[in-house]
Amino acid sequence: MAQKPSIPKGTRDFNPAEVAKRNYIFETIKAEFKKFGFQPIETPSFENSDTLMGKYGEEGDRLIFKILNSGDFLKKADSKAYEVKDSLKITASISEKALRYDLTVPFARYVVQHQNEIDFPFKRYQIQPVWRADRPQKGRFREFFQCDADVVGSKSLWQEVEFVQLYDAVFSALKLEGVTIKINNRKVLSGFAEVIGEKDKLIDFTVALDKLDKIGEEGVVKEMMQKGIAESAIEKIQPIFKLQGSFAEKINGIKAILKTSETGKEGIKELEFIEQAIQEMPLNSAKLDLDVTLARGLNYYTGAIFEISAPENVKMGSIGGGGRYDDLTGIFGLKNMSGVGISFGLDRIYLVLEELNLFPKAVTQNTKALFINFGDKEALYALKAVQKLRKENITAELFPDSSKMKKQMNYANKREIPYVILAGGEEMEQEKFTLKNMKSGEQQKVDFAAMVKTLS
RNA sequence: GUGGUUGUAGCUCAGCUGGUUAGAGCGCCGGAUUGUGGUUCCGGAGGUCGCCGGUUCGAACCCGGUCUUCCACCCCA
């Protein structure tokens with residue numbers, strides 16, 4: 001065999017069964033998005049580099065796939081950067097476009113660009129692939145789909161409440177139980193930093209705090225100290241490492257710490273608002289939990305922060321996330337436009353559903369009936385019936401070649417087609433069809449109407 | 001981006017301290033069975049051992065590079 005072709009690292013092919021299952025997830029999510037009043041938009045797979053660069057932090061810039069300029073790009077390259085082999089600097093001069101890294105920033109760009117045509121508050125959903133030049137791992141790909149729903153143009157906390165409900169609605173529809181919707185608030189995190197007098201180290205502080213469940217209290221303290229946060233400061237917020245119990249109990253715990261921080265208190269108020277609303281309208285299958293260590297994500301979150309944990313028995317990173325960003329469109333010149341949104345990680349949800357065996361059987365079902373081909377005369381008779389069946393909304397097909405019976409039956413068997421229809425000279429004369437149930441092996445000679453009845 | 005790991009038939013994997021023609025199970029193709037599949041029996045095809053180079057009389061096996069897989073870190077869906 002010749003050299004086998006291959007696909008790039010971190011990308012995948014999807015076979016028919018996989019596509020069917022993925023579509024099932026897409027359709028389920030989409031149906032809930034629509035029920036909540038979101039409308040779809042789509043944006044290009046690549047954007048101008050300056051739309052994306054600098055929006056995800058230094059780390060993010062590194063993970064953005066850059067597209068090489070067409071033509072004689074070296075002619076226009078930054079020769080100084082080239083001389084000293086400064087990859088970072090030369091990139092800007094040889095690449096002007098980049099593959100989209102997420103759906104939020106392109107959405108912000110979209111809102112600013114089309115601000116005059118949009119009726120605010122604007123609720124949009126978007127399901128498209130994104131690309132990251134990351135090193136792949138389980139559930140981590142270089143091309144994957146995000147399913148986002150966002151609202152811009154409203155500061156109302158009712159949006160947050162609705163997003164919690166939307167998460168719950170989607171996971172309930174997917175029959176995925178035991179999902180935890182973790183919530184936090186940027187203002188609470190700012191409050192912590194303020195209280196300990198390390199306001200300017202907010203990012204370092206939250207990034208370290210975010211790792212609590214992974215590296216433990218000791219690890220977090222160590223990392224904070226490495227980042228230059230004073231030991232005495234860390235001691236002050238020690239209680240947050242040990243927060244336990246119900247949502248309300250945890251709130252009480254942080255209230256004590258944040259009593260001197262106006263920002264912090266505001267964050268608490270927001271969290272309480274959302275929690276109380278959810279208590280009035282209980283969730284179906286998911287659980288809402290406060291996690292003050294949750295920092296997750298992008299620096300532009302200003303209020304609520306969401307992250308979705310898969311059920312405990314599945315080893316998988318977060319399967320969704322989101323939050324409130326007061327000033328995302330500000331980067332593109334549109335001020336005072338608050339947005340809040342959530343995202344579903346389709347590829348990871350797939351892995352979780354697969355692991356827990358939660359895909360409905362019907363998802364992969366395809367053709368209902370296969371007509372055996374006995375020759376041209378019989379094939380014509382069969383195809384006429386196929387055409388009529390399709391008009392009845394029944395998926396049917398004719399085996400294209402008059403191959404051996406064994407081969408045709410085998411084909412039906414392999415494809416798990418539930419019915420095979422045999423129609424030869426005898427059936428043609430009587431205007432009937434021999435309908436064989438592939439599972440039971442039973443067969444009977446029926447007329448078209450009876451066949452439709454069995455197949456529908 | 002850093003450190004580690006993996007790659008042998010379509011698939012899952014054997015293959016001893018380097019030693020002739022690299023194996024198994026499953027699958028595939030053909031036949032027993034030319035209007036009856038999933039069971040059984042018989043036969044068959046299919047491998048530059050990820051790729052490139054090196055060491056050696058000799059490499060699937062040792063060494064280097066590269067690609068890929070998975071894992072940890074970074075970060076994240």
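**View 1. Strand β14 (residues 419-422) is covered on both faces.** In this predicted model, Tyr-419 and Ile-421 are buried on one side, and Val-420 and Leu-422 on the other. Buried means under 20% relative accessible area (1.4 Å probe, protein chains only). Side chains in a regular strand alternate between the two faces of the sheet. Strands (E, at least two residues) and helices (H or I, at least four) are DSSP runs, numbered from the N terminus.

View 2. Strands pair if DSSP finds at least two bridges between them. β12 (residues 369-371) runs parallel to β14, joined by three bridges. Phe-371 faces Ile-421 of β14. β15 (residues 433-437) runs antiparallel to β14, with four bridges. Here Tyr-419 has Asn-437 as its bridge partner.

**View 3. Five strands make an open, mixed sheet.** The order is β13-β12-β14-β15-β16. β13 (396-398) and β16 (443-446) are the edges; each has a single partner strand, so one side of each lacks a neighbour in the sheet. Neighbouring strands are turned by 25° against each other on average, direction ignored. Axes are lines fitted to C-alpha atoms, for helices over the stretch in contact; angles run from 0 to 180 degrees between N-to-C directions.

View 4. Four bridges pair β15 and β16 in the antiparallel sense. Lys-436 stands opposite Gln-443 in β16. Helix α15 (residues 376-391) packs on the sheet and touches β12, β13 and β15, its direction at about 165° to that of β13. Contact means heavy atoms within 4.5 Å.

**View 5. Helix α16 (residues 405-414) lies across β12, β14 and β15.** α16 runs at about 165° to β12.

Residues are numbered from 1 along each chain as its sequence is written, and chains are lettered from A and ligands numbered from 1 in the order written. Local features need pLDDT of at least 70, side-chain atom pairs count only at pLDDT 80 or more, and totals for chains, interfaces and linings use all residues; side-chain values use heavy atoms, leaving out hydrogens and water.

Conventions: Buried < 20%, exposed > 50% of the residue type's maximum accessible area, 1.4 Å probe, protein only.
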